[in-house]
Amino acid sequence: MAENIETTETTENKTPETWDELKSLPLFEELPDMVKPQELNVAQSAEFRVTWQRVSERQTKLFDTGVFDDETADKGKKKTKEKRDEDEAVVLMAEIAQYADMFYRDIAVDEKQWVEFTKGRTLEDLFVLLVSLTSFYALALGKSSGSKTRLTKAE
C-alpha cells in the first residue's frame, strides 16, 4: 500500500496558496466551484474546524502505524502486526475520506459536480486529494483570519 500513497505535499513540496494555484495541479483540474476559504460563513468555519480536527487526529494515527515507512513497504512478508497496522490504516484513510467528503460536499456550489469529481476514485487517491484540499483550506483560512483587524474598544 505504501508505494501507492503520495505525500500531501504538492510538487516542489509546497501547498498552493491561491485557488488558481490549487486548480492548476493535475489532481484538482476538475475541482468544481466551492465556497472559498475566505468566504466561509460562521457555520462553515466551525464545521471546517471539526473536519480539520477529525482529519488531523486520524492522519497522526495513520502515520503512527508505520505503513508509510519505506522499510515496511520493502518487506516481502508481512508479520501479523504489520497486517493489523495496514488494516487499521485502511480504516483511518476511509474515515478521513468520509469526514472530509461531508464538509466539501456541503460547500460545493453544485453538489452533483462534487459527486462526479470524486466518483470512481480509489481510497488512496481520495486520501491524497482530500488531505491536500484540507491542508489548502487550513492554510488559506488562517491567512484570511490573520488579515482581519481586531476590534478595539473606543475610549
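Me: Which residues is Asp-85 in contact with, leaving aside its neighbours within four places in sequence?
Reply: Thr-65 and Val-67, once those sequence neighbours are set aside. Keep in mind that this is a predicted model.

Me: Where is Asp-85 found?
Reply: In helix α4, which covers residues 80–107.

Me: Buried or exposed, and why?
Reply: Asp-85 counts as buried because its relative accessibility is 12%, and the cut-off for buried is under 20%.

Me: Different topic. Which helix has Arg-58?
Reply: Arg-58 sits in helix α2, residues 42–64.

Me: And what does the side chain of Arg-58 make a polar contact with?
Reply: With the side chain of Glu-95, at 2.8 Å. Glu-95 is also one of the residues in contact with Arg-58 when neighbours within four places are left out; the others are Leu-92, Ile-96 and Tyr-99.

Me: Is that arginine buried or exposed?
Reply: Buried. Arg-58 has a relative accessibility of 16%, and the limit is under 20%.

Me: What about Lys-23, where does it lie?
Reply: Lys-23 is in helix α1, residues 19–23.

Me: Why does Lys-23 count as partly exposed?
Reply: Because its relative accessibility comes to 23%, and partly exposed is the class between buried, under 20%, and exposed, over 50%.

Me: Which backbone oxygen lies 2.4 Å from a polar atom of the Lys-23 side chain?
Reply: The one of Leu-31. Leu-31 also turns up among the contacts of Lys-23 beyond four places in sequence, together with Phe-28 and Glu-29.

Me: What is the relative accessible area of Leu-129?
Reply: 0%, so Leu-129 is buried. Leu-129 belongs to helix α6, residues 123–146.

Me: And the separation between the C-alpha atoms of Leu-129 and Ala-100?
Reply: 10.0 Å, for two residues that are 29 apart along the chain.

Me: On to Thr-118. Where is it found?
Reply: In helix α5, whose residues are 111–118. Thr-118 counts as buried, at 12% relative accessibility.

Me: What does the side chain of Thr-118 reach at 3.3 Å?
Reply: The backbone oxygen of Val-115.

Me: Which residues does Thr-118 touch, not counting those up to four places away in sequence?
Reply: Asp-101 and Leu-126. For a C-alpha distance, Thr-118 and Glu-30 are 9.8 Å apart in space, against 88 residues in sequence.

Me: Zooming out. How many helices and strands in the protein chain?
Reply: 6 helices and 0 strands. Read along the sequence, the pattern is α-α-α-α-α-α.

Me: What share of the residues counts as buried?
Reply: 39% of the 155 residues in the protein chain.

Me: And what share of the contacts with a separation of 6 or more comes from residues 24 or more positions apart?
Reply: 76% for the protein chain.

Me: Which residues line the largest cavity?
Reply: Pro-16, Glu-17, Phe-136, Leu-139, Ala-140 and Lys-143.

Key: Residues numbered from 1 in each chain as written. Predicted model: local features only at pLDDT ≥ 70, side-chain atom pairs only at ≥ 80, totals over all residues. Heavy atoms only, no water. 1 Å grid on protein atoms, 1.4 Å probe; cavity = no way out; pocket = protein on both sides within 12 Å on 5 of 7 lines; lining within 4 Å. Helix = DSSP H or I, 4+ residues; strand = E, 2+ residues; numbered from the N terminus. Buried < 20%, exposed > 50% of the residue type's maximum accessible area, 1.4 Å probe, protein only. Contact = heavy atoms within 4.5 Å. Polar contact = N/O pair within 3.5 Å; in protein donor to acceptor, adjacent residues only side chain to side chain.
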